[in-house]
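Please keep the sequence and the 3D view open while reading.

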Amino acid sequence: MPVATSRPLLRPPRAEGRTDALTSHLSKALTVKGDLDSDGELHIHGSVLGQVCADSLVVGSSGYLEGDVIARDVRIEGRLAGRIFALNVTLESAAEVTGRIFHNTITVAKGARIDARMPWRPPSYFETLEQLPEVRQ
Amino acid sequence: MSMFNRNEKDPNTGAAVGEKPAEFVPAPVTAAAAAVRPPQPNVQHAPEVAVAKSVGPSVISKALKITGQLESTEDIRIDGEVDGDIHGVSVTVGSGAKVKGSVYGQTVELAGTIEGKIEAKKVILTSTAHMSGDVIHQDIRIESGAYIDGHCRPGTNKVDSKPAPKPN
């Protein structure tokens with residue numbers, strides 16, 4: 001029912017493109033317990049427990065993320081436990097991912113530890129995503 | 001004759017043929033690379049930045065809104081919006097930034113808005129600061145133009161309880 005009023009989780013790309021002013025860095029020493037919502041770039045090198053919405057997300061090699069991710073581009077060099085909803089997903093060789101990876105394109109480097117299902121979805125699925133599906137096995 | 005002619009021509013054509021594959025070989029590679037590339041540029045520019053910034057202060061940009069608690073043993077700079085408590089060493093709230101919650105640290109510098117509490121050893125309220133709530137401090141500087149709605153009181157600081165060195 002609330003679908004009509006809620007906006008898509010994934011924002012349209014910014015017209016002015018990516019600038020440093022919109023880039024957030026969460027350092028190794030930082031722990032966030034809560035939700036992050038950005039229409040810019042986000043680099044996580046510390047730990048985050050919560051839902052993350054961003055235009056572009058990078059989880060660095062020391063980063064740990066527990067929760068769901070909604071983003072246009074996702075690059076994982078560290079650890080992630082949760083679900084990814086992203087058009088472009090890159091899993092680097094040091095990545096450790098458990099959960100589900102909803103993607104349109106995906107790259108997995110040799111060495112990455114993936115314990116996840118990787119359902120493919122058309123771009124329109126991500127553009128119109130307003131509510132995350134329930135976690136159900 | 002015709003054989004010789006052929007033999008004379010063959011090396012040329014052979015060379016031409018030999019060159020062509022050399023030209024053709026890289027072509028599929030670039031084509032393949034181009035086919036693979038499109039998803040990458042979006043993500044490609046990230047690594048240098050990621051590597052360069054894995055240490056150092058955390059920056060919450062103006063595009064980011066955090067609902068929840070932040071805890072860091074290093075410096076934090078906030079230019080965006082935080083709905084929750086912040087624990088850091090040196091916390092800078094930039095102009096345009098908005099924090100709803102308590103801010104704890106050794107040093108807190110405010111140029112934006114805080115609705116909540118500041119508890120820090122050293123507090124700086126710049127001219128653009130908008131502080132709604134109490135400030136518990138050991139050392140405070142308030143610039144002209146800063147807005148404060150709340151109590152400023154020197155606190156028994158639990159962040160660092162060692163007494164200030166006495167001047168002899």
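Two strands are said to pair if DSSP finds at least two bridges between them. In that sense A:Val69 stands opposite A:Ile84, a residue of β8(A). The model is predicted, and the predictor gives the complex an ipTM of 0.88 together with a pTM of 0.75.

**Chain A: overall build**

- Chain A contains one helix and 10 strands, and in order from the N terminus its elements run β-β-β-β-β-β-β-β-β-β-α.
- The radius of gyration of chain A is 14 Å, which agrees with the value near 14 Å that a compact globule of 137 residues would have.
- Taken along the principal axes, the box filled by the C-alpha atoms of chain A is roughly 40 × 35 × 25 Å.
- Of the 137 residues in chain A, 47% are buried, and among contacts in this chain between residues at least 6 apart in sequence, 15% join residues at least 24 apart.

- Strand β7 of chain A, residues 69-76, is mostly covered, since eight of its eight residues are buried.
- β7(A) pairs in the parallel sense with strand β5 (residues 52-59) of chain A over seven bridges, and in this chain A:Leu57 stands opposite A:Val74 of β7(A).
- β7(A) also pairs in the parallel sense with β8(A), again over seven bridges.
- The largest nonpolar core has 62 residues, and those with the most contacts inside it are A:Val52, A:Leu57 and A:Val69; the largest share of this core, seven residues, is supplied by strand β8 (residues 79-91) of chain A.
- Which residues does A:Val52 contact, leaving aside its neighbours within four places in sequence? They are A:Leu36, A:Leu42, A:Leu57, A:Leu65, A:Gly67 and A:Val69.

**The interface between the chains**

- On the side of chain B, 30 residues are in contact with 34 residues of chain A.
- Four elements of chain B, namely α3 (41-44), α4 (46-52), β1 (58-60) and β2 (64-72), each supply at least two residues of the side that touches chain A, and the largest share of that side, nine residues, comes from β2(B).
- By residue type, the side of chain B that touches chain A divides into 14 nonpolar, 11 polar and five charged residues.
- Strand β2 (residues 30-38) of chain A and β2(B) run antiparallel and are joined by nine bridges; A:Leu30, for its part, has B:Ser72 in β2(B) as its bridge partner.

**Two residues of chain B**

- B:Gly68 lies in strand β2 of chain B, and, leaving aside neighbours within four places in sequence, B:Gly68 is in contact with A:Val32, A:Lys33, A:Gly34, A:Asp35, A:Gly50 and B:Gly84.
- B:Val82, which is found in strand β4 (residues 81-83) of chain B, is buried, because 27 other C-beta atoms lie within 10 Å.
- Not counting residues up to four places away in sequence, B:Val82 touches B:Ile60, B:Ile66, B:Leu70, B:Val99 and B:Gly101.
- B:Val82 and B:Gly56 are 26 residues apart in sequence, and their C-alpha atoms are 20 Å apart in space.

- Chain B has four helices and 13 strands, and 27% of its 168 residues count as buried.
- Among contacts in chain B between residues at least 6 apart in sequence, 5% join residues at least 24 apart.
- The average pLDDT of chain B is 76, and 60% of the residues score at least 70.
- Over residues 9-52 of chain B the pLDDT is below 50, and this stretch has 16 contacts in the model beyond near neighbours in sequence.
- Residues 159-164 of chain B likewise have a pLDDT below 50, with six contacts in the model beyond near neighbours in sequence.
- Where pLDDT is low, the predicted coordinates should not be read in detail.

Key. Residues are numbered from 1 along each chain as its sequence is written. Chains are lettered from A and ligands numbered from 1 in the order in which they are written. This is a predicted model: local features need pLDDT of at least 70, side-chain atom pairs count only at pLDDT 80 or more; totals for chains, interfaces and linings use all residues. Two residues are in contact if their C-beta atoms, placed from the backbone, lie within 7 Å. Ala, Val, Leu, Ile, Met, Phe, Trp, Tyr, Cys and Pro count as nonpolar, Asp, Glu, Lys and Arg as charged, and the others, Gly among them, as polar. pLDDT is the predictor's confidence in each residue, from 0 to 100. A residue is buried if 20 or more other C-beta atoms lie within 10 Å of its own, exposed if 12 or fewer, and partly exposed in between; C-beta atoms are placed from the backbone. A nonpolar core is a set of buried Ala, Val, Leu, Ile, Met, Phe, Trp, Tyr and Cys residues joined through C-beta atoms within 7 Å. The radius of gyration is taken over C-alpha atoms; the globule rule is 2.2 Å times the number of residues to the power 0.38.
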